[in-house]
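Morning, everyone. Please look at the sequence and the structure on the screen.

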Amino acid sequence: MTAVATDLLPRVRDFIAGDRPMLIGGEWVWAESGRTFETIDPATARPITSVAHGDAADVDRAVRAARQAFDDGPWSRMKPNERERLIWRVGDLLTERAAEFGQLEALDNGKAATIATAVDTAWSADIFRYNAGLATKITGSTVNVSMPFVPGGEFHAYTLREPVGVCGLIVPWNFPLLMAAFKLAPALAAGNTVILKPAEQTPLTALLLGEIFTEAGFPPGVVNIVTGYGEAGAALAAHEDVDKIAFTGSTEVGKKIVEAAKGNLKKVSLELGGKSPNIVFADADFEKAVAGSVAAWMFNHGQCCVAGTRLYVERPIFDDFTAAVAEAASQAKIGPGLDPATELGPLVSQEQFDRVSGYLSAGLADGARALTGGKRWGDEGFFIEPTVFVDVEPSFSIVQEEIFGPVVAALPFDADTGVAAAANDSIYGLAAGIWTQDLSKAHKTARQIKAGSVWVNQYNGFDTAMPFGGYKQSGWGRELGGAAIDLYTQTKAVNVAL
């Protein structure tokens with residue numbers, strides 16, 4: 001049962017030719033229930049292949065394998081430079097097989113294969129290499145203690161940074177491979193063992209990544225991959241022998257993760273939703289700001305947690321700027337991800353298509369006006385036209401709520417009243433963009449915005465070395481950079497009386 005695609009690489013075609021099992025304890029295994037589920041090509045709404053339908057019993061198997069690998073296996077005794085070489089090898093193998101990952105991501109997620117190869121896969125490889133280097137650089141410190149209640153005593157005090165243990169990693173469907181890399185690389189560099197739970201909509205690149213870990217030589221049980229629906233993720237979050245959960249997804253589900261994790265008070269890090277403001281001042285470089293503002297909400301078909309879907313434009317240029325944004329968006333080439341010309345692919349699923357369509361209807365019903373778009377595109381698959389709304393009020397659902405589709409709401413602001421209050425009027429605080437040629441204005445505005453990432457005269461300005469995470473209900477903790485290691489280590493204080 002395969003999707004119809006004539007230009008797939010032979011290894012991709014072979015990969016989807018049969019049903020796909022899970023990776024547990026170094027073995028490719030089927031769900032204990034024997035069940036499988038289909039994964040769907042969002043460009044055609046037709047099945048690609050079927051994968052094992054893991055549930056709580058399979059999560060338990062994976063946790064036991066990870067626990068044994070952490071407590072008794074060679075992983076905990078492996079030297080940091082040995083872990084470094086293995087993790088670096090994953091990056092090299094991702095680079096070697098980048099085209100395969102790109103095509104598989106295009107089939108399963110709908111994004112353009114060219115983007116999935118050049119961005120998702122290439123950046124994932126970079127993340128593994130960056131964190132490979134960190135494996136040998138996790139340090140403690142010595143402390144000059146006073147010990148005032150032990151006069152005359154001498155002491156040697158120091159701290160150790162140790163791995164947390166068994167980590168459950170739950171990743172979303174919008175960047176399946178990349179979000180797995182965000183979590184796997186630092187968790188493994190710190191010396192943990194892991195269970196990866198990919199989204200049910202996009203399990204395929206996670207399973208191909210499992211082949212990479214096996215080929216790289218990771219010991220059995222260090223990396224386990226369980227495919228399934230929410231029940232599997234819930235079982236992982238609640239499991240008493242899991243020491244840490246890292247989750248990327250919606251704020252609504254993130255709150256459920258926190259609730260499930262409280263049983264053994266496991267450590268939790270969360271990268272959640274966003275409704276990011278993108279601010280354009282009248283003195284901005286007009287053409288660069290237009291191009292950047294379009295990319296801010298159309299990248300990855302708008303299925304991006306940092307998408308700049310609240311576009312604040314200073315009033316003197318509002319009409320001209322929004323018209324230019326709408327014109328540029330309307331020129332995007334829409335099509336399936338395997339078409340090299342595609343700039344805007346389908347949404348990931350029927351459920352997401354229905355969700356975004358509902359917001360389009362709600363925006364129009366509230367009185368918003370679409371400068372372009374506002375409806376589905378074509379009659380096959382889950383395609384939505386890029387949509388620019390004006391004549392909106394801050395209270396509209398299209399302004400307040402995360403849509404996760406190629407939809408932007410534009411609002412004017414005045415120089416004398418400023419923009420920070422409006423930009424911060426959200427339960428989220430993940431990212432923001434600022435466009436201005438006034439350096440002082442840029443820095444002042446960046447300080448006023450309550451968001452974990454602020455990009456000036458650019459958007460989506462990510463780098464592996466820069467920490468990433470949110471304020472408010474956009475999450476807990478910081479991924480990427482050296483800060484990511486903090487999520488997967490704990491500090492031990494040692495004080496020795498001499």
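Some ground rules. This is a predicted model: local features need pLDDT of at least 70, side-chain atom pairs count only at pLDDT 80 or more, and totals for chains, interfaces and linings use all residues. Residues are numbered from 1 along each chain as its sequence is written, and side-chain values use heavy atoms, with hydrogens and water left out.

Start with the sheet. It is open and has 7 strands, in the order β14-β15-β16-β13-β12-β18-β19, with mixed pairing. Strands here are DSSP runs of E, at least two residues; helices are runs of H or I, at least four; both are numbered from the N terminus. Two strands pair if DSSP finds at least two bridges between them. β14 and β19 (453-456) are the edge strands, each pairing on one side only. From one strand to the next, the twist averages 25°.

Look at β12 (residues 277-280) and β13 (residues 310-314). They run parallel, joined by 4 bridges. N278 has L311 in β13 as its bridge partner.

Now helix α10, residues 286-298. Its 13 residues should span 18 Å at 1.5 Å a residue, and its end C-alpha atoms are 18 Å apart, which agrees. The expected span is 1.5 Å times one less than the number of residues. Which residues of α10 are buried? They are A289, V290, G292, S293, V294, A296, W297 and M298. Buried means under 20% relative accessible area, exposed over 50%, partly exposed in between, with a 1.4 Å probe and protein chains only. The cover over these buried residues includes β12, β13, α11 (318-330), β15, β16 (407-413) and β18. After α10 comes N300, with a positive phi near 60°.

On to the cores. A nonpolar core is a set of buried Ala, Val, Leu, Ile, Met, Phe, Trp, Tyr and Cys residues joined through side-chain atoms within 4.5 Å. The largest has 78 residues; L184, L188, L209 and F218 touch the most other members. Helix α6 (residues 176-189) gives the most to this core, 11 residues. A second, separate core of 27 residues includes F389, F396, V399 and I449.

Last, W377. Where is it? W377 sits in the loop between β14 (369-372) and β15 (387-390). W377 is partly exposed, at 33% relative accessible area. Leaving out residues up to four places away in sequence, W377 touches I334, F383, I384 and E385; contact means heavy atoms within 4.5 Å. W377 and I334 are 43 residues apart in sequence, yet 8.3 Å apart in space, C-alpha to C-alpha.

Technical notes:
Axes fitted to C-alpha atoms, helices over the stretch in contact; angles between N-to-C directions.
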